[in-house]
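I opened the notebook to go through one chain from its overall layout down to single side chains. The entries are in the sequence in which I looked things up.

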Amino acid sequence: MAEREQPRQPTHRAYSVIRREGQDDYWLNIGLVFPHKDGGGFNLILQAFPLDGKIVVREIAEEGAGEAAAPPSGRQGPPRGGQGARRR
């Protein structure tokens, strides 16, 4: 097997999808995914753990490389207010 160069950038983002009554779900970016050098696996680097145990992994869009990729269309951005995605 030919040796592949390890990507220096993550290829996917990890999200926790937070359900909100009467609003669109909130996709909270909780980490990044880096493929292994041999292409046989991934390293998942998390900054937080989802309360429900479910992690959604989405490919990072090429547009605006190096910037935060938007979650799938039809999803709402972060809630307004000073506490991020905290439920009330």
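The entries below go from the strands to the sheet, then to contacts and the surface.

**Entry 1: ground rules.** I am working with a predicted model, in which local features need pLDDT of at least 70, side-chain atom pairs count only at pLDDT 80 or more, and totals for chains, interfaces and linings use all residues. I number residues from 1 along each chain as its sequence is written, and side-chain values use heavy atoms, with hydrogens and water left out.

**Entry 2: elements.** I looked for helices and strands, which are DSSP runs numbered from the N terminus (helices H or I, at least four residues; strands E, at least two). I found zero helices and four strands in the chain. From the N terminus on, the elements read β-β-β-β.

**Entry 3: the sheet.** I noted that strands of a sheet pair through backbone hydrogen bonds, either parallel or antiparallel. I count two strands as paired if DSSP finds at least two bridges between them. Here the four strands make an open sheet in the order β3-β2-β1-β4, with antiparallel pairing. Which strands stand at the edges? They are β3 and β4 (56–59), and each has a single partner strand, so one side of each lacks a neighbour in the sheet. I also wrote down the twist, which averages 35° from one strand to the next. For such angles, axes are lines fitted to C-alpha atoms (for helices over the stretch in contact), and angles run from 0 to 180 degrees between N-to-C directions.

**Entry 4: strand pairs.** I found seven bridges between β1 and β2, which pair in the antiparallel sense. Tyrosine 15 stands opposite asparagine 29 in β2. Strand β2 (residues 26–35) is joined to β3 by five bridges, again antiparallel. Phenylalanine 34 has asparagine 43 in β3 as its bridge partner, and proline 35 stands opposite phenylalanine 42 in β3. I saw that β2 and β3 form a hairpin with six residues between them. Glycine 39, in the turn, has a positive phi of about 75°.

**Entry 5: burial.** I call a residue buried under 20% relative accessible area, exposed over 50% and partly exposed in between (1.4 Å probe, protein chains only). The chain has 88 residues, and 25% of them count as buried.

**Entry 6: the aromatic pair.** I searched the whole structure and got one aromatic pair. Rings of Phe, Tyr and Trp (its six-membered ring) pair if their centres lie within 6.5 Å; planes under 30 degrees apart count as stacked, over 60 as edge-to-face and the rest as tilted. Why is the pair of tyrosine 15 and tryptophan 27 given the name it has? Their ring centres are 5.5 Å apart and their planes are at 70°, so the pair is edge-to-face. Tyrosine 15 is in strand β1 (residues 12–18) and tryptophan 27 in strand β2, 12 residues apart. Tyrosine 15 is buried at 3% relative accessibility, and tryptophan 27 is buried at 11%.

**Entry 7: the salt bridge.** I looked for a side-chain nitrogen of Lys or Arg within 4 Å of a carboxyl oxygen of Asp or Glu, which defines a salt bridge. The structure holds one. Arginine 19 forms it with aspartate 25, and the closest N and O atoms are 2.4 Å apart. Are the two partners buried or exposed? Arginine 19 is exposed, with a relative accessible area of 56%, whereas aspartate 25 is buried, at 12%.

**Entry 8: leucines in the strands.** Leucine 32 is in strand β2 and is partly exposed at 24% relative accessibility. I read 5.4 Å between the C-alpha atoms of leucine 32 and isoleucine 45, which are 13 residues apart along the chain. Leucine 46 is in strand β3 and is partly exposed at 25%. Its C-alpha atom is 7.7 Å from that of alanine 14, 32 residues away along the chain.

**Entry 9: a surface patch.** Patches are made of residues with over 30% relative accessible area and no salt bridge: like charges are joined within 9 Å, nonpolar side chains (Val, Leu, Ile, Met, Phe, Trp, Tyr) within 5 Å. I found Leu44, Ile55 and Val57 in a nonpolar patch on the surface, with about 220 Å² of accessible area together. Accessible areas come from the Shrake-Rupley method with a 1.4 Å probe, and for residues only the protein chains shown count as cover. Leucine 44 lies in strand β3 (residues 42–46) and is partly exposed, with a relative accessible area of 40%.
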